[in-house]
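My entries are kept in the order in which I made them.

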Amino acid sequence: MSDRTINQQPHTPHQQSHGELGAHAPHVHGHGSEPDDFAVQIADSVESFVLAVTEVAKGDEPGSAVSLLLLEVSQLLLAGGRLGAIEDVVPEDRFEPDTGPEPDGEQLRERLAELLAPIDVYHEVFDPYGPPEKPNAFRISDDLAGVVSELQHGLTHYREGRVSEALWWWQFSYLSNWGTTCTAVLRALQSLIAHVRLDSPIGAAPDGADTDDDGLTDEQLEQQAGDLMAAELGLGR
C-alpha cells in the first residue's frame, strides 16, 4: 500500500478554476458498488485504448498502424479531457490498495519500436510555458508503452470494484503524465500524416539528437518514413 498523502502529495492535481466553469466531479462509488455512467465511459475508453495499442503492436496490419494510433490517441485524450475538466476525484481510502505486480510492458514497447522504426523518434518541447529550451528526443514506442502501463494500473482497481480509486488514479496520472505524453505523441502522428498529404519532406534531425537510426542517414530515414506513410495512405511515391 502507498500513503497518497505522503508519496503523491507533490503531484496532487489542483483544479480550483474548474468549479467556476461549472464542472463537477461525478458521483463515485466505493468497493463493490456499481459505477455510474461517467466511470463506465472512462473505463471503456481506457480499456479500448489498451486493447487497440496491443493489437497494433502485433504488427498484423502495419499499413494501418499510424492511422489507428492517431485515432486511438485522439479518443483517449477526449477521455482525459473529461477527467481534467471535473473537480478533484477523492477516493474513499487514505492508502492506495496494493494492485499486485505491475504488468511488464517491455514486450509491448519492443514490438512498437520494431513496427515504427523509421518514424519512432520525434522531437518535442516539454513545457510550452517554461523557459525557452531545445526540443528533446522521444520515442513513440516508449511513450505509448508507458501510457498503457499507467492506464492498466487504474483498470486493475476498476475491475476489482474500486471505482473511486480508479478514477482518482486516471485523473491524477492524466494531469501529471499521460495527458502531456499523449498530446506530444498526437502531434507527432498528425505531423507524419500532414507531411505525406501535403507532400512536405520530413526535415533532418538537429545535430546531436538521438535518432536511434541504426546507422541510417537522414535522407534514408526520411525516405523510409515517407514510404511507410505513403503505403499506409494509399499514395504512390
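Entry on aromatic pairs. I note at the outset that the model is predicted. I searched the whole structure and found six aromatic pairs. I took up the pair of Trp168 and Phe172: the ring centres lie 5.2 Å apart and the planes stand at 0°, so I recorded the pair as stacked. Both residues belong to helix α7, which spans residues 163-197, and they are four residues apart, about one turn of the helix. I checked burial and found Trp168 and Phe172 both buried.

I then turned to Tyr174 and Trp178, an aromatic pair with 5.0 Å from centre to centre and 65° between the planes, which is edge-to-face. Tyr174 and Trp178 also lie in helix α7, four residues apart. Tyr174 is buried at a relative accessible area of 18%, under the 20% cut-off. For Trp178, also buried, I noted a relative accessible area of 1%.

I also recorded one aromatic cluster formed by Trp168, Trp169 and Phe172.

Entry on helix packing. I looked up helix α5 (residues 106-115) against helix α6 (residues 140-159): the axes are 8 Å apart and the packing angle is about 150°. The crossing of the two helices is right-handed.

On the α5 side, I listed Leu108, Arg109, Leu112 and Ala113; they meet Ser141, Asp142, Leu144, Ala145 and Val148 of α6. I classed the residues of this contact as six nonpolar, one polar and two charged.

Terms used:
Residues numbered from 1 in each chain as written. Predicted model: local features only at pLDDT ≥ 70, side-chain atom pairs only at ≥ 80, totals over all residues. Heavy atoms only, no water. Phe/Tyr/Trp six-rings, centres within 6.5 Å; stacked < 30°, edge-to-face > 60°. Buried < 20%, exposed > 50% of the residue type's maximum accessible area, 1.4 Å probe, protein only. Axes fitted to C-alpha atoms, helices over the stretch in contact; angles between N-to-C directions. Left-handed = near helix turned anticlockwise from the far one by under 90°. Contact = heavy atoms within 4.5 Å. Nonpolar A, V, L, I, M, F, W, Y, C, P; charged D, E, K, R; others polar.
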